[in-house]
Amino acid sequence: MKIGLIKERKSPPDRRVVFTPSKLTKLQERYPAAEIFVEESAIRVVPDSEYAAAGFTVTNDVSNCDILLGVKEVPVDALIADKTYFFFSHTIKKQPYNRKLLRAILDKNITLYDHETIVDAENSRLIGFGRYAGLVGAYNGIRGFGIKFELFNLPKAETLTGIDQMIEKLRRNVLPPIKIVISGTGKVANGAKEILDGMKIKQVSVDDYLTKKYSDPVYTTIGVLDYNKRKDGQILDKQDFYANPSEYESDFERFANVSDIFMAGHFSAADAPVILTNEMLRSPKNKIRVVADISCDVEGPIACTIKASTIAEPFYGYNPVTLSETDFHHPAAIVVMAVDNLPCEIPFDASEGFGEMFLEHVIPALFDGDREQILHRAKITENGKLTPRFSYLQDFVDGK
């Protein structure tokens with residue numbers, strides 16, 4: 001089996017890679033029959049020379065490979081027909097901007113596995129960059145608060161060596177007795193929590209967070225039943241929320257009225273209610289001054305996320321009265337951080353972690369006949385057609 005690491009070609013450039021040399025070495029040791037090739041790249045976080053020094057073939061042509069591994073979407077003109085690809089295709093939610101890509105994958109008889117569709121038997125995702133989005137998003141949220149109130153000016157995460165230095169920089173600064181709320185219970189939220197724990201900020205219960213005052217900064221984490229409630233007043237379990245999101249409405253205002261920073265790390269379903277509304281933000285009781293929308297759903301459950309921001313310009317201001325962007329230094333502005341590619345700020349750490357997950361969950365399936373059906377569940381296309389699991393995309397492909 002010939003495996004190739006492909007060059008990232010999407011613009012703006014993404015420096016991440018599925019496998020760093022150390023993880024690729026582990027792969028080779030565990031599966032000696034694998035032949036590994038690395039496509040030349042001038043932007044990858046790990047230079048070509050380090051792959052070559054580790055004993056891997058670096059080449060400008062990976063068309064001899066059976067399996068091609070990338071991170072972001074592959075441009076249509078760079079797709080190689082009749083191959084098996086792994087990358088984030090951003091097609092499974094019928095994203096219009098990638099319809100052409102999915103059509104090309106089918107036309108070129110490509111077998112596509114999307115990193116996002118690699119799940120276990122309970123449909124829980126096995127690999128991703130969520131933790132790293134949470135880490136950088138929380139760092140940026142604290143950084144934005146410091147800039148907004150002229151308390152400190154942290155360097156950009158992309159200028160630092162990684163997670164340890166991010167936490168080191170954060171701990172050099174003193175926060176006032178603010179309250180920080182994190183929504184979500186998955187990898188993204190846990191990444192944000194990791195940053196706050198590294199800063200030695202105290203975690204408190206939801207009840208204490210809502211009712212008590214503190215002389216030091218504190219944070220709490222909230223799940224879907226903390227920030228949503230049934231419209232009919234029934235108190236059921238979270239499975240009911242997942243099954244019937246349209247029967248719920250936001251219960252987040254009680255957090256908005258006591259929080260200084262909101263770090264949004266939740267997953268939002270299509271029919272789920274808006275969590276943080278303009279009415280909440282306009283309210284004289286609202287205390288939120290910084291929203292770090294790590295999930296970054298534009299025009300989604302966070303009303304002030306009206307656009308994605310960038311690594312170059314991570315912050316913008318939002319005026320909840322005019323419902324428009326403004327200078328984030330303006331006294332009435334809510335600072336919004338909504339970078340949609342946060343892990344790119346720590347590409348080496350993110351790549352190391354991603355490779356570890358891919359080596360644990362995906363590579364064995366390639367060599368053991370897919371014993372746990374991981375590849376079967378993840379496969380989007382095969383033999384020029386959508387697989388049954390993803391047949392719902394047919395009308396999207398057809399342009400309907």
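Me: Two strands are paired if DSSP finds at least two bridges between them. With that in mind, what is the order of the strands in the open sheet that holds β1?

Reply: In this predicted model, the order is β3-β2-β1-β4-β5-β6-β17-β18, which gives an open sheet of eight strands with mixed pairing. At its edges stand β3 (57–59) and β18 (385–386), each of which pairs on one side only.

Me: How do you know that β4 and β5 are paired?

Reply: A pair needs at least two bridges, and three bridges join β4 (residues 67–69) to β5 (residues 84–87), so the two strands meet the condition. They run parallel, and Leu69 stands opposite Phe86 in β5.

Me: What makes β8 and β15 edge strands of their sheet?

Reply: Their sheet is also open, with eight strands in the order β8-β9-β7-β12-β13-β16-β14-β15 and mixed pairing. Each of β8 (202–203) and β15 (324–326) has a single partner strand, so one side of each is left without a neighbour in the sheet.

Me: How do you know that β12 and β13 pair inside that sheet, and which residue stands opposite Met263?

Reply: Four bridges join β12 (residues 261–264) to β13 (residues 290–293), where at least two are needed, so the two strands count as a pair. These strands run parallel, and Met263 stands opposite Ala292 in β13. Helix α6 (residues 187–198) packs on the sheet, where it touches β7 (179–183), β8, β9 (218–222) and β12, and its direction makes about 155 degrees with that of β7.

Me: What is the packing of α5 against α6 called, and why?

Reply: Helix α5 (residues 163–171) packs with α6 at an angle of about 50 degrees, and their axes are 9 Å apart. The crossing in which α5 passes α6 is right-handed.

Me: Which residues meet where α5 packs with α6?

Reply: From α5 there are Met166, Ile167, Leu170 and Arg171, and they meet Glu194, Ile195 and Gly198 of α6. By class, this contact has four nonpolar, one polar and two charged residues, and Gly198 is the polar one, because Gly is placed in the polar class.

Me: Why are α4 and α5 given the description they have, when you look at their angle?

Reply: The axes of α4 and α5 come within 11 Å and cross at roughly 25 degrees. That angle lies under the 35 degrees set as the cut-off, so α4 is called roughly parallel to α5. Their crossing is left-handed, and the contact is made by Arg131, Tyr132, Leu135, Val136, Tyr139 and Ile142 of α4 together with Ile163, Met166, Lys169 and Leu170 of α5. Divided by class, the residues of this contact are eight nonpolar, no polar and two charged.

Me: How do you know whether the chain as a whole is compact or extended?

Reply: The chain comes to 15 helices and 18 strands. Its radius of gyration is 22 Å, close to the 21 Å that the globule rule gives for 400 residues, so the chain is as compact as a globular protein of that length. The C-alpha trace spans about 65 × 45 × 35 Å along its principal axes.

Me: What is the form of the peptide bond from Ser11 to Pro12, and where does Pro12 lie?

Reply: That bond is cis, with omega near 0 degrees, and Pro12 lies in the loop between β1 (2–5) and α1 (21–30).

Methods. Residues are numbered from 1 along each chain as its sequence is written. This is a predicted model: local features need pLDDT of at least 70, side-chain atom pairs count only at pLDDT 80 or more; totals for chains, interfaces and linings use all residues. Side-chain values use heavy atoms; hydrogens and water are left out. Contact means heavy atoms within 4.5 Å. Axes are lines fitted to C-alpha atoms, for helices over the stretch in contact, and angles run from 0 to 180 degrees between N-to-C directions. A crossing is left-handed if the near helix is turned anticlockwise from the far one by less than a right angle, and right-handed if clockwise. The radius of gyration is taken over C-alpha atoms; the globule rule is 2.2 Å times the number of residues to the power 0.38. Angles under 35 degrees count as roughly parallel, over 145 as roughly antiparallel, 65 to 115 as roughly perpendicular and the rest as oblique.
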